[in-house]
Amino acid sequence: MDSVLPPAGSGLEPYDGGTSARPGSTAELSAATTISAGEGSTSTSRTSQAAANGTAGTLVTATPTIAGTAKVGLTLTAHPGTWTSGTAFTYQWSVAGAAVSGATNLTFVPTSAHRGKTVTVTVTGTKAGYTTAATTSRATVPVAAANTLTAAKATVAASPRTLTAATPTISGTARVGLTLTAHPGTWTSGTAFTYQWSVAGSAVPGATEVTFVPTTAHQGKTVTVKVTGTKQGYATASRTSAGVTVAASASTTNGTPVISGVFEYGARLTATPGTWVPAASFEYLWLRDGQPIPHWSGSTYFVQAADIGRRISVQVTGSREGIDPVSTLSASATATCGPAPAGGTRVTVVHADVLDDTAWTSATTDVVRVCPAADQSAPTIAATATVTVGPGVRVELIGTTLSVAGHLSMVGTSAAPIEVMSRGSLGIALDKPVDASLEMRHVHSAAALAVKCGTAVVVDSEMPSVRMNGYMQDAQAENACVQVQRSVTVERTVLTDTGQYGALTSDDWTGDVVARDNVVHGFTNLSFNVAPDPHEVAACRQATIDGNTFDEFVIISDGCSDRADLPAAPLRMRDNTMTAPGESVILSSVVLDDDSLTGNVTAEGTSVVYDKVVSATSLTLPLPNDGAAPTSAFSLRSLVVRAGATARVAAGTTLRVGWDLVVNGHLDVAAGSVITSDDPSDPQKRWGMDVNRTGSVTMAGVSLEHLTGIWTSGSLELDDVAITDATGRSGDRFDPLPPGGGKGVIVQTDGQVAVDGTYTDIPILLRQWKGSAIVRGDFVNPRPGVRLIMSCEWETAHCYVDARDIDWGSPDGPFPGMPADGVFAQWPQQYMCGSGIVWPWVGAAVNVSNQWIGGCDGVSPTPSVRLGEAQDGFRDGVSGYEQSCSTDPELYADACATVQAAFTCLAAARDLALQSSTFPINPGAEDLARDVADGALAAQEAIDIPALRDAATVAGVGLQAWDIYSTIRSVADAYSACAPAG
């Protein structure tokens, strides 16, 4: 079978699937293969015999049949069928699948031990120069019992009848290599025949067919055939023909093969066997410098890169019946890298590394032909060399890549461009881990440019593709190119590769990328600032993609989008045109600012997908598209605002988010905007937001729809927001949730929260771990049994929530479904943890004075309560002392003034504790608290003077004053640690 050439440059050679040894091979095959389909079916096996010349033919086989009746005592006869002429046969009878010992004749007689069992016969054929083969007949019906008479009669054996038999004759010319045919003559009708050919009176093994072909070993000898006839009820009879003498074979002609085609790399060569008499079947073996070429055994062959400079020939082996196989060899010719120069064309052949500075200009050469080196490696421009190719020169890459480790300058002109032809080549490559460089101007190339390392500049040219890929197959040098990747610039160039590899692509590339004013006919996939080891990216490099025309999809990805530790280099993608309707532009993971995307125009139906957008400086959403003002609807999978950066969502924007907003800098969402899910119909595709410690978010007049929730440890200010259909968030720090808990729409782990709005059909609005919060607004359709605010779940000393102005949507306040008397039947912290909740709520059934509810887990009552208790205790303690003041003001003047000052301090502290529950807290609250604490300390010192120490009427005043001081100092400390600034 003819071989088929693999794709040019694939490095693969066709494989014909054969397993037999080729002529001239020293292999001897002795593997046996059996194919069986079970009882009742036939099976075939072959075992090769090593031929003298190393190859073996394949016998034509047939399925044997069994003649006769399967009955005890009756004869069964095997008939091999028609096999390759001259095949010798042996037989093995089996009963019930087991070989019968000694049953190796043509016939077999079942015994009583075989009754009820089936019989098969395996016929094995052998012939010199052919692989031995064996086939098995179908099974007979189960062997029946012998015929018997009734018990009353004696057994009488029937006498067989006699066959009418004739003497066989032989037709055909008795000559070596020609076929003789046996004719049995006229016998009793229905007689079955078997044949045995003999030469010089000796049976020829396996010669049991109706035909026989004498070989050179039979020349001059007499051939006869014995015909044996069998028929049920008749005695077997045999007759032998008259003999014929075998003459020498007629003259034979063995053809000499001829190869047609051009002996050049990639060309197709075809072998014809020449004239053979008599006709023969042929096998082919292609040779390189006299040695077999693996896997090429058909009449056609394609010249490989390994053939260049080597002599190619073909060996043909002819096989004919009765004649030993003969092999003949064609003439050989040397395969070349390309055609011989014609018409005075000057050709410079390069098949080794270029070590010195070289100039290939039209003054010295017309064609530079680059061929594989002697070891099949690609010729390389050494790191020490600079090679210049001048205008009008043609470069032919034949079966190899031109590797650049030094410097290659290919500068043509518009009138005399440089042409690059490729035959089975991957093109020109900067593929050595060195700081190589390439300049191509006015180059028309049929080969691609591959850049792994160094610097490449392509201007005013045409080629299939430019590929930047720093991956090195050598594991030892996997990251070797990272440190020497500089930049690739492609300008005013036409890229034409519309295949699977794309026209403009990069991967594992850490250098700059500039693509400007190009026409790109294949897809573009640029992944930059990416290395096998991300830590190898030491600086973020920029991609500039301006003024290009694309007609297939574009994908851009920046590895620095995940590198907040490095200064960003925002993408520049401006004034480009997508001409193909329905294509996609995918910004997979990019760093953008307000100057990143301007003036781009897309065709109708173009999908612009923002998978992950990172704001490193200043960014306004939605991003511009179609070279015009941004549309009001904008979709992206995720947005990351880096620390120190600002992102803004313009007024009236509908922002569809597929995953998360992550804020480390500042995010401002203007009024009239809507933030919603990218796919509201899918409840699994909801968005969320993380506001980290360095982050801040401000929203006013914004709708938040179909979100999971907001996790914040920074500053979150939501004014006049509408939160609808939120599922809530939880996390490791809140799992397992406290009894009666659930997911929170806002999960506060620190920082400040101020939220005012409408909350429709949501779970817990706020779960506060630490920090301070003011909550305003209205709950619509609150969920029964859900605590709408959970404050200070553990960090009870550092939390603050003011929720007095919330309309909870029912008199049950933050405990929907819980009767008001149930709330007050126990201390409230059983239902609402934390020291920061301010009562009462709007519409509360029970009027409770303003206070901060005590926390969970045994935390003492809050400052407001403690101050009230201290004030009452102080008043009780000094009541007698006040009476003494009134009776003798002069004696107790100083003490009375101090006590009055203490009352004033207590009142101020109590007012502070109540008034400071507004948000934001007065900036001077901390100073005021400290002043009050200092006043309480002065009162304590004034009261605790020796003159008063023994007065029974003021017993215990010092202790009460100290409690007042401690309580107020606790207020000051709490403000200092928790109170929001401003």
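These are my notebook entries on what I looked up in this predicted model.

**Ground rules.** I number residues from 1 along each chain as its sequence is written, and my side-chain values use heavy atoms, with hydrogens and water left out. As the model is predicted, local features need pLDDT of at least 70 and side-chain atom pairs count only at pLDDT 80 or more, while totals for chains, interfaces and linings use all residues.

**Whole protein.** I looked up the secondary structure and found six helices and 80 strands. Helices (H or I, at least four residues) and strands (E, at least two) are DSSP runs, numbered from the N terminus. Of the 982 residues, 47% count as buried. For burial I use relative accessible area: buried is under 20%, exposed is over 50%, and partly exposed lies in between (1.4 Å probe, protein chains only). The accessible surface comes to about 42800 Å², and carbon and sulfur atoms hold 52% of it. That area is from the Shrake-Rupley method with a 1.4 Å probe; for residues, only the protein chains shown count as cover. I then took the contacts (heavy atoms within 4.5 Å). Among those with a separation of 6 or more, 60% are between residues 24 or more positions apart.

**The open sheet.** I traced a sheet of 10 strands with parallel pairing, in the order β30-β33-β36-β39-β42-β45-β48-β51-β54-β57. Its edges are β30 (358–360) and β57 (597–598); each has a single partner strand, so one side of each has no neighbour in the sheet. Two strands pair if DSSP finds at least two bridges between them.

**Disulfides.** I searched for pairs of cysteine sulfur atoms within 2.5 Å, and the count comes to two disulfides. C337 and C371 form one of them, with S to S at 1.8 Å. C337 sits in the loop between β28 (333–334) and β29 (347–350), and C371 in the loop between β31 (367–370) and β32 (380–381), 34 residues apart. The torsion about their S-S bond is about -110°, so I noted this disulfide as left-handed. C337 is buried because its relative accessible area is 8%, and C371 is buried at 2%.

I also looked up C540 and C560, whose sulfur atoms are 1.9 Å apart in a disulfide. C540 is in the loop between β50 (524–528) and β51, and C560 is in the loop between β53 (554–558) and β54 (572–574), 20 residues apart. Their link is left-handed, with -95° about the S-S bond. Both C540 and C560 are buried.

**E396.** I found E396 in strand β34 (residues 394–398). Its relative accessibility is 7%, so E396 counts as buried. The side chain of E396 makes a polar contact with the side chain of R369 at 2.8 Å. A polar contact is a pair of N or O atoms within 3.5 Å; within protein, one must be able to donate a hydrogen and the other to accept it, and residues adjacent in sequence count only if both atoms are side-chain atoms. Leaving out residues up to four places away in sequence, E396 touches V367, V368, R369, V370 and M421.

**G688.** My last entry is G688, in strand β67 (residues 687–691). G688 has 0% relative accessibility and therefore counts as buried. Apart from neighbours within four places in sequence, G688 contacts W659, D660, L661, T708, G709 and R729.
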